[in-house]
Amino acid sequence: MKLVTFCSPVRSAPHIGAVLDDGAIVDFSAASGAPAMRSMLALIDGGEAALAHAGDLFNRRDVVHSSGQARLLAPLPRPRQMRDFLCFEKHFRQSRANGAVIGALEGAERDPAKIQIPAIWYEEPIYYKGNRFSVVGPEANVVIPSFTRMLDFELEFGIVLGLGGRDIAREDARRHIFGYTIFNDFSARDQQMREMQGTLGPTKSKDFDTGNVLGPWLVTADEIADPYALTMTARVNGETWGTGSSSTMHHRFEDILVHVSRDETLHPGEFFGSGTVGDGCGLEQGRFLSVGDVVELEVQGLGVLRNRLVARTDSSSFNREAEQP
């Protein structure tokens with residue numbers, strides 16, 4: 001199923017459901033009084049029984065909203081935790097090289113082939129923890145923060161955990177994945193280049209309202225036969241800026257779960273981002289975003305995630321979904 005969180009045309013509180021092939025939405029919350037149908041986190045927490053109930057509601061189709069009647073929010077508006085990784089070597093090399101080209105990394109190597117990748121990057125998946133309170137969804141306006149002149153998109157996908165655990169074995173890791181979604185990790189590159197000189201972060205370059213975008217839906221794990229064979233494409237104003245493949249992911253989600261769960265308990269509802277695929281951001285080309293730009297990220301089997309850039313002074317730019325629990 002392609003699970004969604006959305007605003008119902010007749011109720012103010014968000015509902016959950018699933019998308020049909022024609023874009024209509026089967027409304028689980030309206031069709032069932034079960035506690036597990038109240039939110040996406042509740043559905044995830046409900047485990048296999050709740051997912052089976054959702055499947056039954058999907059097949060029954062008691063309450064259906066036609067395409068265009070409901071507004072999609074982020075499928076998981078408030079992940080319990082957000083971690084984002086750096087798993088694509090091509091992105092790492094090209095971003096550092098182009099950071100030098102634009103003058104944000106003075107004295108750095110400008111040839112991607114000559115970039116020295118730290119040995120630790122190959123040895124274990126590197127990550128930072130994101131701001132789970134700045135998540136928005138498809139078609140939401142993304143507000144350009146006041147402190148940047150180099151706002152960038154990042155073409156990623158990610159997983160949401162359905163099972164928690166500690167010291168997860170690699171052979172068991174796949175069963176902990178509830179589903180997959182597209183992730184656009186908007187980044188203020190000029191701020192990022194400055195703050196990373198302090199050998200900690202990224203920090204403020206990633207932390208601003210509307211900066212984390214998930215969607216358009218959360219595809220259950222059974223729908224994706226091979227998550228490492230997906231074509232990934234980024235477009236800005238209809239122009240293709242980059243195309244890559246999840247097959248080039250150096251550390252895979254199984255490796256990630258093994259590493260992060262070592263001596264640490266993970267919980268259902270946590271989100272883990274893949275990091276940006278090679279050619280999956282503007283920094284790799286020395287190009288950045290402006291007010292009015294429309295960014296579309298497409299990942300095979302996961303849909304298209306579309307957002308428009310607006311100025312902070314635009315009073316229409318605030319997304320009410322950011323207040324949803």
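**View 1. An edge-to-face pair at W121 and Y122.** W121 has a relative accessible area of 1% and is therefore buried (under 20% relative accessible area, with exposed meaning over 50% and partly exposed in between; 1.4 Å probe, protein chains only). Y122, at 32% relative accessibility, counts as partly exposed. The two ring centres of W121 and Y122 are 5.0 Å apart and the planes stand at 85 degrees, so this pair is edge-to-face. Please keep in mind that this is a predicted model: local features need pLDDT of at least 70, side-chain atom pairs count only at pLDDT 80 or more, and totals for chains, interfaces and linings use all residues. Residues are numbered from 1 along each chain as its sequence is written, and side-chain values use heavy atoms, with hydrogens and water left out.

**View 2. Aromatic pairs, with F85 and F272 in focus.** Rings of Phe, Tyr and Trp (its six-membered ring) pair if their centres lie within 6.5 Å; planes under 30 degrees apart count as stacked, over 60 as edge-to-face and the rest as tilted. Ten aromatic pairs are counted by this rule. One of them is the stacked pair of F85 and F272, at 6.1 Å centre to centre with 25 degrees between the planes. This pair links distant parts of the chain, since F85 belongs to strand β6 (residues 81-85) and F272 to strand β17 (residues 270-273), 187 residues apart. Strands (E, at least two residues) are DSSP runs, numbered from the N terminus. Both F85 and F272 are buried.

**View 3. An aromatic cluster.** Here F157, Y180, Y228 and F253 come together as one aromatic cluster.

**View 4. Arginines over aromatic rings.** A charge sits over a ring if NZ of Lys or CZ of Arg is within 6 Å of the ring centre and within 35 degrees of the ring normal. The charged end of R61 sits over the ring of F58, 5.3 Å from its centre. At W241, it is R287 that lies over the face, 4.0 Å from the ring centre.

View 5. Two strands pair if DSSP finds at least two bridges between them. Strand β12 (residues 177-185) runs antiparallel to β14 and is joined to it by six bridges, with F183 opposite L214. Strand β1 (residues 2-7) is also antiparallel to β14, through two bridges, and K2 stands opposite V219. Strand β8 (residues 135-136) pairs with β14 in the parallel sense over two bridges, and V136 faces V213 across that pairing.

How values were computed:
Helices (H or I, at least four residues) and strands (E, at least two) are DSSP runs, numbered from the N terminus.
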